[in-house]
Amino acid sequence: MAKETPRKKEAPEEMAKIIAEPIEVKEKLEGIEEVQAKESDWKPVTDVGKKVKSGEISDIEQLFNQGYMILEAGIIDALLQDLGEELLLVGQAKGKFGGGQRRIFKQTQKKTAEGNKPKFTTCAVIGNKDGYVGIGVGKAKETVPSREKARRNAKLNFIRVRRGCGSWECNCRQAHSIPFSATGKCGSVEIELIPAPKGKGLCVEKEMAKILTLAGIKDVWSKTQGQTGTKLNLIHATYDALKKLSQIKVRPEDIAKRGIIEGKLKEASVRENTVEAVGEQ
Ligand SMILES: [Zn+2]
């Protein structure tokens, strides 16, 4: 009993910290620009990185066609322009006034002899809104490093999304939706993405919609099962489903029928090449 009393006394201090947090974040936003400046003079370490820097690889298509691994965040910065970024709401506010509002940082604590040691988890999504997207999770003892880790991890987890139009209600042969339904799983969360007709929009949970928007998918339905309130699991299940889209074998005749495109939307000539490449597989 005597041991527990000092912990209780700490509680108001924590509360004050949490209330002061938004101001802290604003101050540190200036620091991010410095980090971005550092990224521009990027020195590649891996073979792929050196090829990208020297201009031997100028298109991200090459990376995915030849099955290279992305082990440096600089590769994505060099090859893709106009990247959109979003931090997903994976945590919730604590303390007074009910708490429970959704926040970008998930706070957890470890109890130690010195006191409570908080840790912040955050999840970033980065995409070019045209077939390439990545998701990363970062954890750190403070908010800013955890966000930087999440951004870096997102760039390392980039995937190429297969798009098309697989809806029975729509026969447009354009890549506004997905070519067939796909399922993904993480923890108890199971999710099925279902192609929807043009103009339907993203009929999915809000955090999922952010991922799908950055992936360049415009119309989709979904069906979920399990504890979807666990946002990190829901996010990973969505990422899993997007990955599975590319793992399914497609017949060459279906590529034209469903308007299947891997990655970026391109001019007609380039598209034919990829159709051939996909057909060969
Ligand atoms: Zn369509």
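**Exercise 1.** How many helices and strands does the chain have?

*Solution.* Start with the ground rules. This is a predicted model, where local features need pLDDT of at least 70 and side-chain atom pairs count only at pLDDT 80 or more, while totals for chains, interfaces and linings use all residues. Residues are numbered from 1 along each chain as its sequence is written. Helices are DSSP runs of H or I with at least four residues, strands are runs of E with at least two, and both are numbered from the N terminus. On that basis, the chain has 9 helices and 13 strands.

**Exercise 2.** Work out how α6 and α7 are arranged.

*Solution.* Step one: two packed helices are described by the angle between their axes and the distance between the axes. Axes are lines fitted to C-alpha atoms, for helices over the stretch in contact, and angles run from 0 to 180 degrees between N-to-C directions.

Step two: the axes of α6 (residues 206-215) and α7 (residues 231-247) come within 9 Å and cross at roughly 30 degrees. That makes α6 roughly parallel to α7 (angles under 35 degrees count as roughly parallel).

Step three: find who touches whom, with contact meaning C-beta atoms, placed from the backbone, within 7 Å. E207, M208, I211 and A215 of α6 meet K231, L234, I235, T238 and L242 of α7.

Methods. Parallel < 35°, antiparallel > 145°, perpendicular 65-115°, else oblique. Contact = placed C-beta atoms within 7 Å.
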